[in-house]
Amino acid sequence: MAAAAAAAAGPVFWRRLLGLLPGRPGLAALLGRLSDRLGRNRDRRRRRSPWLLLAPLLSPAVPQVTSPPCSLCPEGVHRFQWIRNLVPEFGVSSSHVRVLSSPAEFFELMKGQIKIARRRVVMASLYLGTGPLEQELVDCLESTLEKSLQAKSPSGLKVSILLDFTRGSRGRKNSRTMLLPLLQRFPEQVRVSLFHTPDLRGLLRLLIPERFNETIGLQHIKVYLFDNSVILSGANLSDSYFTNRQDRYVFLQDCPEIADFFTELVDAVGDVSLQLQGDDTVQVVEGMVHPYRGDRAAYCRAANKRVMDVINSARTRQQMLHTQTFHSDSLLAEEDTAVAGDQRPAPDTWIYPLIQMKPFEIQIDEIVTETLLTEAERGTTVYLTTGYFNLTQAYMDLVLGTRAEYQILLASPEVSSPGPGGPDRHCDREPGPAAGASPGWWGQWASWEQEQLYLRSGVVSSATFEQPSRQVKLWVKMVTPLIKNFF
């Protein structure tokens, strides 16, 4: 049964990869890697599903990712370096990486970082809440902007905020109204971009009411950046995420290349978003196609180019940096570095930002996730975490057809209501090969962070589903088939 499920998923998976190959050397290389992996182990290949046997037939037409380990590269031994063919690879020292343990620590760190920012503050989130804690964060931004104007040597501080249009416009008091005072007082220093999905347009946009319109598509990047330091998280800018809603938070301190990349990414998404004005109206960036009034195909092409230019240019920069660091005259380079006084520690942690923007035909996260699930071996434990347990059929087939053990962390019903706009996550834990849904963690480094979340969760058993709170309402069963693909 598992083999049949995997076989059913196979054609879809390979067609998706092949459809993206023209002009995409990174994806071609990824397919080649899968083919090479199968070819190296004939016995394992025979035990896999029949659709995987087609992979070696395709391998001569595409370059191979796998190469002999580089004796000069500290990352030569890790198994994820093939991802650098799709996205930029950032190497940092673990001494610059800190995993936060609580919502309060996350909130206090953000305020502290805003206060000392001199050059840039970049914040991307689904929305900004409207409570006193959110106002405290806005006041902190205002105070820092005011100080930057009063300084003897103006710092040129810029603040860029990216939110989702529909979620950020919900209600009379909303994210937009919270940020208007900043725009009005510091129009040259503050930018607020509101991403509007191109799929919510025409009659559909007129008919679907508030909250429900958020099911069509959202901006879901969560990154908080202060000068050269970055917080990667799943937390929104909302009071519950500052007090009692546990999420993951990784603080990357003094990592300029990563900060530059996320600044450019948020700028790119901001450029294809609507710009909030001081009078609470919105405008399109000059020369950009309107996301829901203009031609959808033209808008998506422009957005794809804008975002992929950032990804590809950063990938090229990082590859050049890699070559200069590890493949030039190494001894001479080390001497020059020492003379220059660069005391940055050697990298031992590798970060790959996976981007998923399906309306723009950017599906890097999806492809990497499917590849990791496909390659999961017997004896491997795969940890999946998701706030919303709604598997695509492709993921479900891959998980059910695997020989790996899965540990799945998902939101409990108490904090994840079935209706639109409800609470969105806490912790239930289900052992064994049941289902799963997200790449979730930042590589192997974050195992401690993962363990902390599992300590806050409860194990799901068959008895769990007998509880009254776990009974699925009839209306949910009726509506789910109609809207499941929107999430």
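Helix H14 passes helix H15 in a left-handed crossing, a term used when the near helix is turned anticlockwise from the far one by less than a right angle, with right-handed used if clockwise. The model is a predicted one, in which local features need pLDDT of at least 70 and side-chain atom pairs count only at pLDDT 80 or more, while totals for chains, interfaces and linings use all residues. Residues are numbered from 1 along each chain as its sequence is written, and side-chain values use heavy atoms, with hydrogens and water left out.

H14 spans residues 364-375 and H15 residues 393-400; helices (H or I, at least four residues) are DSSP runs, numbered from the N terminus. Their axes come within 9 Å and cross at roughly 20°, where axes are lines fitted to C-alpha atoms over the stretch in contact and angles run from 0 to 180 degrees between N-to-C directions. H14 is therefore roughly parallel to H15, as angles under 35 degrees count as such. On the H14 side, Asp-365, Glu-366, Thr-369, Glu-370, Leu-373 and Thr-374 meet Ala-394, Tyr-395, Leu-398 and Val-399 of H15, contact meaning heavy atoms within 4.5 Å. By class, this contact of H14 with H15 has five nonpolar, two polar and three charged residues; Ala, Val, Leu, Ile, Met, Phe, Trp, Tyr, Cys and Pro count as nonpolar, Asp, Glu, Lys and Arg as charged, and the others, Gly among them, as polar.

The contact of H5 with H6 has seven nonpolar, one polar and three charged residues.

Leu-141, found in H6, has a relative accessible area of 3% and is therefore buried (under 20% relative accessible area, with a 1.4 Å probe and protein chains only). Leu-141 touches Ile-114, Val-121, Met-123, Val-159, Ile-161 and Leu-182, not counting residues up to four places away in sequence.

Ser-175 lies in helix H8 (residues 175-185) and, at 2% relative accessibility, also counts as buried. The side chain of Ser-175 reaches the backbone oxygen of Leu-128 at 2.7 Å. With residues up to four places away in sequence left out, Ser-175 touches Tyr-127, Leu-128, Thr-130, Leu-163 and Gly-168.

How values were computed:
Helix = DSSP H or I, 4+ residues; strand = E, 2+ residues; numbered from the N terminus. Buried < 20%, exposed > 50% of the residue type's maximum accessible area, 1.4 Å probe, protein only. Polar contact = N/O pair within 3.5 Å; in protein donor to acceptor, adjacent residues only side chain to side chain. Parallel < 35°, antiparallel > 145°, perpendicular 65-115°, else oblique.
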